[in-house]
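Please read the briefing below alongside the sequence and the model.

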Amino acid sequence: MEIFGVDIGGSGIKGAPVDLERGDLAQERYKVLTPHPATPEAVAKGVKEVIDSFDARPDRVGVTFPGVVTGYTTIKTAANVDKSWIDVDARALLGAELDGLPVTVLNDADAAGVAEMQFGAGRGRKGTVLLLTFGTGIGSALFSEGVLVPNTELGHLELDGHDAERRASTKAKEDHDMSWEHWAHRVQKYLAHVEMLFSPDLFVIGGGVSRKAQKFLPLIEGIKAEIVPAQLQNNAGIVGAAMAASRG
Ligand code: BGC
């Protein structure tokens, strides 16, 4: 069975056929820029363009979304995309755009987490594992004994009186021209807060910035849990989406 994963992000919509045995892309991924405004119709067209760029037609498609997704179907929040997504049945919308292909939709961090737990930094890890993705926002995926608790949204915890992702996302670092030291200090404060609430055994740090883990992870101190960078990096969402799609 041919399964594709597509990752809808703030800047790009990227996808590829996925090899679910290896937990890796079966072909190089294809990316289109996220339309602005990122309305449901415009994004659905972007997803179609990504799928149509490949010769094979998939049997199923998994799609990540940067917000709460209930029942692998309905969008409930849209912090960093167009608000008109709220309450959209994304499974139906994307399925119709893709000429009836079965579509599974899930939160982007949850998808990345599922892939990391199976094929990456969380492989074989028991106890409580928290994957946090740092990018335009902060995403979270919470696992207890390997089982995902979906839609945790820990990026929106309050930190110093602000939405945490406004203080500690990669976007906040860029917008405020923060040094690695300054940003690492904020991430440390955020991790300490999350640790106080969840006492995880392991933090997995994902998102594009995980490629630069050596620039900031060594600067983070005083966290009891082990902290490791994600291993699948930018492909985790695509792989995790395909994994979810393969389960129907
Ligand atoms: C959204 C989350 C998402 C995260 C990363 C947050 O603003 O609320 O659902 O996982 O950004 O994209």
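This is a predicted model: local features need pLDDT of at least 70, side-chain atom pairs count only at pLDDT 80 or more; totals for chains, interfaces and linings use all residues.

Residues are numbered from 1 along each chain as its sequence is written, and side-chain values use heavy atoms, with hydrogens and water left out. The chain is divided into domain 1 (3–110 + 236–246) and domain 2 (117–231), with bounds that come from an automatic or database domain assignment.

**How the two domains meet**

- The C-alpha centres of domain 1 and domain 2 lie 23 Å apart, and the contact between them (heavy atoms within 4.5 Å) takes 16 residues from domain 1 and 16 residues from domain 2.
- The size of an interface is often given as the accessible area lost when the parts come together.
- Domain 1 and domain 2 bury about 1,100 Å² between them, with 54% of it on carbon and sulfur atoms; buried area here is the accessible area (1.4 Å probe) that two parts lose on being put together, summed over both.
- Of the area that domain 1 buries against domain 2, N80, A109 and D110 supply 47%, which is more than any other three residues.
- Between domain 1 and domain 2 there are 0 salt bridges, a salt bridge being a side-chain nitrogen of Lys or Arg within 4 Å of a carboxyl oxygen of Asp or Glu.
- On the side of domain 1 that touches domain 2, β6 (69–70), α3 (108–119) and α8 (236–246) each supply at least two residues; helices (H or I, at least four residues) and strands (E, at least two) are DSSP runs, numbered from the N terminus.

**The helix α8**

- Because 10 of the 11 residues of α8 are buried, this helix is largely enclosed by the rest of the structure; buried means under 20% relative accessible area, exposed over 50%, and partly exposed in between (1.4 Å probe, protein chains only).
- The buried residues of α8 include I238, V239 and M243, and what covers the buried residues of this helix includes β1 (3–8), β2 (12–19), β3 (24–25), β5 (60–65), β8 (103–107) and α3.
- After α8 comes G248, whose phi is positive, near 85°.

**T34 and its surroundings**

- T34 is found in the loop between β4 (30–33) and α1 (40–52), and with a relative accessibility of 5% T34 counts as buried.
- A polar atom of the T34 side chain lies 2.8 Å from the backbone oxygen of G9.
- Leaving aside its neighbours within four places in sequence, T34 is in contact with G9, G10, S11, G12 and I13.

**Salt bridges**

- The count comes to 10 salt bridges.
- One of them joins the side chains of K14 and D7 (4.0 Å, N to O), and both K14 and D7 are buried.
- K76 forms a salt bridge with D87, the closest N and O atoms being 2.6 Å apart; both partners lie in the loop between β7 (74–75) and α2 (90–97), 11 residues apart. K76 counts as partly exposed, at 38% relative accessibility.
- Salt bridges that share partners join D19, R22 and D24 into one network, in which the side chains of R22 and D19 meet at 2.9 Å, N to O. At 21% relative accessibility, D19 counts as partly exposed.

**Backbone geometry**

- A cis peptide bond, with omega about 0°, joins H36 and P37, and P37 lies in the loop between β4 and α1.
- D87 has a positive phi, near 75°, in a residue other than glycine.
- D99, in the loop between α2 and β8, has a positive phi of about 55° although it is not a glycine; D99 is exposed, with a relative accessible area of 54%.

Terms used: A polar contact is a pair of N or O atoms within 3.5 Å; within protein, one must be able to donate a hydrogen and the other to accept it, and residues adjacent in sequence count only if both atoms are side-chain atoms.
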